[in-house]
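The following exercises are to be worked with the sequence and the three-dimensional model at hand. Each task is followed by a solution in steps.

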Amino acid sequence: MPRLLVVLAFALVAVDVFSIVDVILTERSRVRAMPKALWIIVILLLPVIGVVLWFMLGKARSARSGGTRTVAPDDDPDFLRKMRRQEEQDERIRRLEQELADLDDDDKTN
């Protein structure tokens, strides 16, 4: 029984340390509800509840939470525009190369 308590105490301290480091390293824009310093105090004073609150309420899911979603390349208008522009440039280069080749052939025949 005492070993179990030691293991549980060690696990609790490890989770608390992990949570405090996570609070410190999280960007300020992703912290919700309270300032970072207050979150650290809550985690220290209420070890189990503080950790749960931090991960449930205090930290935004991602840096882009509520932002735009990822779009597949074939649905992205900017990507398609770039591809069209690249194809037009490639075609222009092919035409110019062909014109240069035709001019070289004309010079050799004269």
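Helices are DSSP runs of H or I with at least four residues, numbered from the N terminus. The model is predicted.

**Exercise 1.** Determine whether the end-to-end span of H1 agrees with its number of residues.

*Solution.* Helix H1 covers residues 2–25. The expected span is 1.5 Å times one less than the number of residues. For the 24 residues of H1 this gives 34 Å, and the end C-alpha atoms are 34 Å apart, so the two values agree.

**Exercise 2.** Classify Asp-22 as buried or exposed, and identify its contacts.

*Solution.* Step one: Asp-22 lies in helix H1. Step two: a residue is buried under 20% relative accessible area; Asp-22 has 14% relative accessibility and therefore counts as buried. Other buried residues of H1 include Asp-16, Ser-19, Ile-20 and Val-23. Step three: beyond the neighbours within four places in sequence, Asp-22 contacts Trp-54, Phe-55 and Lys-59. With Trp-54 there is a polar contact between the two side chains, at 2.9 Å. Step four: H2 and H3 are among the elements that cover the buried residues of H1.

**Exercise 3.** Describe how H2 and H3 pack, and state which residues make the contact.

*Solution.* Two packed helices are described by the angle and the distance between their axes. For H2 (residues 36–45) and H3 (residues 47–58), the angle is about 145° and the axes are 5 Å apart. Contributors from H2 include Trp-39, Val-42 and Ile-43, and those from H3 include Pro-47, Val-51 and Trp-54. By class, this contact has ten nonpolar, two polar and no charged residues.

Conventions. Residues numbered from 1 in each chain as written. Predicted model: local features only at pLDDT ≥ 70, side-chain atom pairs only at ≥ 80, totals over all residues. Heavy atoms only, no water. Helix = DSSP H or I, 4+ residues; strand = E, 2+ residues; numbered from the N terminus. Buried < 20%, exposed > 50% of the residue type's maximum accessible area, 1.4 Å probe, protein only. Polar contact = N/O pair within 3.5 Å; in protein donor to acceptor, adjacent residues only side chain to side chain. Contact = heavy atoms within 4.5 Å. Axes fitted to C-alpha atoms, helices over the stretch in contact; angles between N-to-C directions. Nonpolar A, V, L, I, M, F, W, Y, C, P; charged D, E, K, R; others polar.
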